[in-house]
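Biologist: I've got a structure open and I'd like to learn how to read it. Could you walk me through a few features?

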Amino acid sequence: MIKVLFFGPVAERVGASEVQVPFHAGMRLQDVRAQLQKLHPAAFEIVCFAAVNGKHALDMSLPLAEHSEVVFMSKFSGG
Amino acid sequence: MTKGEFTDAVRIQQEDFSQDEEIRALQASSKQMGGIATFIGCARDFSEGRKVTQISFDAYGSMALAEMNKLRDEAIVKFALQDARIVHRVGVVGAGEQIVFIAAGAEHRAPALQACNWLIDELKQRVPIWKKEITPQGDSWVTPHP
């Protein structure tokens, strides 16, 4: 499984702070995004960044491993 | 208070912080500081013409803390600081309360002031924290300013 986390406005639009996506060999970050974007289009309208295992992921073709933690995030507004 | 009793230099916490304690901790780390610059971000009680009663913060805690530590390390190198501290609150913060504290200590004032400015700008860009304004008309997530 891939654990996908949501925070702030994205979590509100998804209606959950965490979902699980089944892992398959060769899975890439863009595959998880595409799958979830179909289910939650309004949430992904505001997604600007992704992180994998706690680090910014700029390349959506990044390969994922089983049990990866993925986060799709809107622009930050701390401070 | 001895040096060992001070809190971590980078923290995310629900409770309020004391500017005096943070500065004492910064000063305890080095006697070579000729200048200390600080920034405190506070919760305004208005936004875009609306009354704001509280601000609620959500954070990707582990990544936010890691990014804040990276920012501190980078600032220390980039501005030749003696030390720096960053504290950000999460949870619900009342109007008028403190949200974020940054302090930068350097041999001279210019790098301390520049580092403080750089740190808050970078924090807003790089640290995964989101704020929601709670108003009598309803709640709304804040769209970041450029």
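Modeller: Let's start with burial: a residue is buried if 20 or more other C-beta atoms lie within 10 Å of its own, exposed if 12 or fewer, and partly exposed in between, with C-beta atoms placed from the backbone. In chain B, 34% of the 146 residues count as buried. Mind that this is a predicted model, where local features need pLDDT of at least 70 and side-chain atom pairs count only at pLDDT 80 or more, while totals for chains, interfaces and linings use all residues. Residues are numbered from 1 along each chain as its sequence is written, and chains are lettered from A in the order in which they are written.

Biologist: How many helices and strands does chain B have?

Modeller: Helices (H or I, at least four residues) and strands (E, at least two) are DSSP runs, numbered from the N terminus. Chain B has 3 helices and 10 strands, and the order from the N terminus is β-α-β-β-β-β-α-β-β-β-α-β-β.

Biologist: Okay, and what about contacts?

Modeller: Two residues are in contact if their C-beta atoms, placed from the backbone, lie within 7 Å. Take the contacts in chain B with a separation of 6 or more: 74% of them join residues 24 or more positions apart.

Biologist: Which elements of chain B touch chain A?

Modeller: The contact takes 22 residues from chain B and 14 from chain A. On the chain B side, β5 (54-59), α2 (61-78), α3 (109-126) and β9 (129-135) each give two or more residues. The largest share, 4 residues, comes from α3(B).
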